[in-house]
Amino acid sequence: MSQAIPDVVYAALAAQLGIPAADLVRRQDDGLDRLGLDSHGLMRVLLDVERALGLPSLDLDDAALESPATLVAGVAAVARGP
């Protein structure tokens with residue numbers, strides 16, 4: 001996996017949550033809701049990630065939206081393509 005994907009995802013999450021990306025890396029298995037991300041914030045994160053990585057609309061399943069780690073894996077799967 002390109003290191004750009006985790007960097008972009010963690011940066012977008014950190015900006016939306018107002019916490020350092022390093023804290024998110026340490027809490028990568030915590031639920032996004034537990035970290036304080038609501039549905040509107042999640043949409044902003046996904047849009048930021050799409051723009052930064054030049055991806056089409058990120059249509060991720062619910063499992064990919066559980067934690068920072070699953071979000072990184074889901075974005076990486078989309079970036080790899082079918």
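Leaving aside neighbours within four places in sequence, Ala-69 is in contact (heavy atoms within 4.5 Å) with Tyr-10, Gln-28 and Asp-29. The model is predicted, so local features need pLDDT of at least 70, side-chain atom pairs count only at pLDDT 80 or more, and totals for chains, interfaces and linings use all residues. Residues are numbered from 1 along each chain as its sequence is written, and side-chain values use heavy atoms, with hydrogens and water left out.

Ala-69 is found in helix H5. Helices are DSSP runs of H or I with at least four residues, strands are runs of E with at least two, and both are numbered from the N terminus. The relative accessibility of Ala-69 is 23%, which counts as partly exposed. Here buried means under 20% relative accessible area, exposed means over 50%, and partly exposed lies in between (1.4 Å probe, protein chains only). Accessible areas come from the Shrake-Rupley method with that 1.4 Å probe, and for residues only the protein chains shown count as cover.

Ser-67 lies in the loop between H4 and H5. Ser-67 is buried, at a relative accessible area of 5%. Residues up to four places away in sequence aside, Ser-67 touches Gln-28, Asp-29, Asp-30 and Leu-32.

Side chains of opposite charge can pair when their charged atoms come close. The structure holds four salt bridges, each defined as a side-chain nitrogen of Lys or Arg within 4 Å of a carboxyl oxygen of Asp or Glu. In one of them, Asp-30 pairs with Arg-27, and the closest N and O atoms are 2.7 Å apart. Asp-30 also meets Arg-34 in a salt bridge, at 3.6 Å from N to O. Asp-30 counts as buried at 17% relative accessibility. Arg-27 is partly exposed, with a relative accessible area of 33%. Arg-34 counts as exposed, at 62%.

Helix H4 (39-53) holds a further pair. The side chains of Asp-48 and Arg-51 form a salt bridge with an N to O distance of 3.3 Å. The two residues are three apart in helix H4, so about one helical turn separates Asp-48 and Arg-51. Asp-48 is partly exposed, with a relative accessible area of 35%. Arg-51 counts as exposed, at 60% relative accessibility. Elsewhere, salt bridges that share partners join Arg-27, Asp-30 and Arg-34 into one network.

Glu-50 also lies in helix H4. Glu-50 is buried yet has no salt bridge. The nearest side chain of opposite charge is Arg-51, 6.7 Å away. Lys and Arg count as positive and Asp and Glu as negative, while His and the chain ends are not counted. Not counting residues up to four places away in sequence, Glu-50 touches Leu-55, Pro-56, Ser-57 and Leu-58.

The C-alpha atoms of Met-43 and Leu-58 are 9.8 Å apart, and the residues are 15 apart in sequence. Met-43 lies in helix H4 and is partly exposed, with a relative accessible area of 48%. Ala-52 is placed in helix H4 too. Ala-52 is exposed, with a relative accessible area of 51%. Ala-52 and Ala-4 are 48 residues apart in sequence and 9.5 Å apart in space, C-alpha to C-alpha.

Val-25 is placed in helix H2 (residues 21-26). Val-25 counts as partly exposed at 42% relative accessibility. Between Val-25 and Arg-51 the C-alpha distance is 22 Å, and the sequence separation is 26 residues.

On the surface, Asp-33, Asp-59, Asp-61, Asp-62 and Glu-66 gather in a patch of negative charge. Patches are made of residues with over 30% relative accessible area and no salt bridge; like charges are joined within 9 Å, and nonpolar side chains (Val, Leu, Ile, Met, Phe, Trp, Tyr) within 5 Å. The place of a charge is taken as NZ of Lys, CZ of Arg, CG of Asp or CD of Glu. Asp-59 lies in the loop between helix H4 (39-53) and helix H5 (68-80). Asp-59 counts as exposed, at 70% relative accessibility.
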